[in-house]
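Walk through this model one feature at a time. Keep the 3D view open and follow each residue as it comes up.

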Amino acid sequence: MNILFFKITLALYLGGTIAYLIYLLSSQERAAWAGRLLLGLGFVSHCLTLVMRYIEAGHTPVVNLHESLSFFAWAIVGFFLLLRYRYRMDVLGAFISPLALLLVIWAATLPKEILPLPPSLRSYWLPIHVTFAFLGDAIFALAFCAGVTYLIQERLVKSKRIGPLSQRLPSLEVLDEINYRSLTIGFPLLTVGIITGAIWAEYAWGSYWSWDPKETWSLITWLLYAALLHQRLTVGWRGKKAAIMAIVGFGAVLFTFLGVNLLLEGLHSYDGWFR
Amino acid sequence: MIWKLSINIYSYKDLRVKKEEKKRGKERGSFFYSLKLTIPLLILLAALSVIGTLIPQNASEHQYLQLYGKETYSLLKGLGLLNMYHSWWFVGVLVLLTINLIACSLKRLPALWRQVREAKGGYARLGTYLTHLSVLLILSGGLIGAVWGFKGYVEIEEGETADRIFLNNPQRARMPLEFKVRCDAFRVDFYPDGSPREYVSTLTFMEGEEVVLDHVPLRVNHPITYRDLTFYQASYGISDRSSRAILGVTKKAGGGKNPITVKLGKGEIKPIPGTQAQIGFMKYQAKIHDLGEAVLLVLFAPRSSPESFWLFKRLSGVEGWQMGDFTFIFKDLEKRYYTGIQVTHDPGVSVVWVGCSLLVIGMVITFTLRRPQKRQPSQET
């Protein structure tokens, strides 16, 4: 049942992405309206996917890569819809919906069967830790999209090509504000994600910090955003530099989430734990 | 990228900081409370941390030699890259950052105190202050753990009692316990599909002969704390020493249909009743290819050389497996488990948790109160 909803979600996100891209190129309000509607419906369907899978699995569905990617995409779309409600900016959708779509397509290619939870993951901290970690990651994804948009917009403004595209994109001030706001929400969420992970590690492994690659990369991400935060709040970095830093930071986020699991070895690949 | 960014930071001239520095002149220690130091240190720490995720840390010498060869191995070892998060240079950067953090906090203290006393709504500042103090608290918790804490490991067979553990240091030093821990039982629970669901040791804690905690379950994710030690379910295995193979043996030529039962401990050699031959049990394997459980046996028959052979539980079935003048059936293995328990003592943990709580509270205060000061609230509807 959850697979069916997942497919519906995928189709709706695809539709939403196409509509948003049309809006970006043609500036037709109808396309923005369609993109919003499709993405919104997709989000509802995505919520149902997660609920159904939770019921069918008997545990929070964030255990394998398919589930994690899907959950990440869900959080990104959710935050975007909130943001769009707050700032009335449809054009960011043209950057965020392809990202969410990409994640969902990737999830679609992976094995989807529900596997029983190994003893090391049978903990109340699983949903708490993972939820905070992904909410933070999703906020940083928004900051990343705002950063990319900022660079494009700045290039357009600087080369004095103030055409329809640059008019449609949010102003540099608004993009910078989104960057700042994302940081002030994403950074505490990342911090709570790391702390809840440490608490869980203390219960499961008897050590709140063991320099396992996942832990280390989350710390690296945290340090980078801490640097950006200090630059913003005290030295007064904003604009382009902050946008670049948001892009670099999101690179670290992605590596912490995916690179560590796919490229490195550690406790977070759970096979090695019980021999 | 990181390199480029740090160059940017150095070349970035912030007027405010410059002015302040001029005003203060060459005041002692001014370098340490400069934010110009903080940001490169944060980025340097991040960059250095990457190394340790690419080079496996604290692996065995054998693994390193296989990975890198002899020369690279000794080079990496010399640079401290094989245990880099505890190397002098990594800890050095951490210490520098800590000094910087303390210096910056001390510098701001008078201004903060003034603001709070005059009730000028310096709560956001207070939040920032709390955030930074809590980071110091977390670091000191880590330091306390590193100095006074230890980690150990103990394996206890079902029915046996342990009064010592082995420390996780290279010497595996033995550390006596002031109390005793008995493993009453160990079991693995399975899901219907056969994958493990839970590992459970049943433990009894005793002071001398007096039972203090009776038959308490120790499960993964559910440690037990007794006195100042915490016990974690970490691994398990089948005890070689106490497990017994149960065999059914029939003499091929003549001898009644009912097999004789022979029970053997590992390494044990017993005569097969009513014959001149002897049978020995060398090894148990839970799985060989997809043939399942098997035992390695040695048959000593008179006037022939000893012969070793694998006897599979499934293949020998009820019909038995012929070997020399006998037919063998692998009936069962009387399993005796041992449980592997990690034992930890870390007096710094509570300090770390207090630090973490304050960190979250400090951040929430900082980020919720900071905004109204910066922007016009009238824009909000």
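**Buried charges, a cavity and ring pairs**

Asp90(A) has a relative accessible area of 8%, so it is buried. The cut-off for buried is under 20%. The model is a predicted one. Arg84(A) is the salt-bridge partner of Asp90(A), with the closest N and O atoms 2.9 Å apart. Is Arg84(A) buried or exposed? Its relative accessibility is 12%, so Arg84(A) counts as buried too.

Next, a salt bridge in chain B. Here the side chains of Lys313(B) and Glu293(B) meet, at 3.4 Å from N to O. Lys313(B) belongs to helix α8 (residues 313–316) of chain B. Glu293(B) sits in the loop between β11 (278–285) and β12 (294–300) of chain B. The pair therefore ties together parts that are 20 residues apart in sequence. The two ends differ in accessibility. Glu293(B) is buried because its relative accessible area is 18%, under the 20% cut-off. Lys313(B) has a relative accessible area of 25%, so it is partly exposed.

Back in chain A, the Arg84(A) bridge has a further member. Salt bridges that share partners join Arg36(A), Arg84(A) and Asp90(A) into one network. Over all chains the count is 16 salt bridges. Side chains of opposite charge can pair when their charged atoms come close.

Lys313(B) has a second contact. Its charged end sits over the ring of Phe330(B), 6.0 Å from the ring centre.

Now go to another salt bridge in chain A. Arg53(A) and Glu67(A) meet through their side chains at 2.8 Å, N to O. Arg53(A) is in helix α2 and Glu67(A) in helix α3 of chain A, 14 residues apart, and the pair links distant parts of the chain. Both residues are buried.

How many cavities of 30 Å³ or more does the structure hold? There are 4. Rolling a probe the size of a water molecule over the atoms shows where empty space is left. The second largest cavity holds about 50 Å³ of space. Which helices supply at least two lining residues each? They are α1 (2–26), α2 (29–57) and α3 (65–87) of chain A. By type, the lining residues divide into 3 nonpolar, 4 polar and 2 charged.

Turn to the rings. There are 29 aromatic pairs over all chains. Phe205(B) and Tyr226(B) form a tilted pair, 5.2 Å centre to centre with 45° between the planes. Phe205(B) is in strand β4 (residues 196–207) and Tyr226(B) in strand β6 (residues 224–226) of chain B. They are 21 residues apart, and the pair links distant parts of the chain. In chain A, ring pairs link Phe43(A), Phe71(A), Phe72(A), Trp74(A), Phe134(A) and Phe257(A) into a cluster.

Last, the backbone. Most residues other than glycine have a negative phi. His215(B) has a positive phi, near 45°. This residue lies in strand β5 (residues 210–219) of chain B. Arg227(B) also has a positive phi, near 50°. Its place is in the loop between β6 and β7 (229–238) of chain B. With a relative accessible area of 43%, His215(B) is partly exposed. Arg227(B), at 43% relative accessibility, counts as partly exposed.

Technical notes: Residues numbered from 1 in each chain as written. Chains lettered and ligands numbered in written order. Predicted model: local features only at pLDDT ≥ 70, side-chain atom pairs only at ≥ 80, totals over all residues. Heavy atoms only, no water. 1 Å grid on protein atoms, 1.4 Å probe; cavity = no way out; pocket = protein on both sides within 12 Å on 5 of 7 lines; lining within 4 Å. Points joined across faces, edges and corners; volume = space filled by probe spheres on them. Helix = DSSP H or I, 4+ residues; strand = E, 2+ residues; numbered from the N terminus. Nonpolar A, V, L, I, M, F, W, Y, C, P; charged D, E, K, R; others polar. Phe/Tyr/Trp six-rings, centres within 6.5 Å; stacked < 30°, edge-to-face > 60°. Lys NZ or Arg CZ within 6 Å of the ring centre and 35° of its normal. Salt bridge = Lys/Arg side-chain N within 4 Å of Asp/Glu carboxyl O. Buried < 20%, exposed > 50% of the residue type's maximum accessible area, 1.4 Å probe, protein only.
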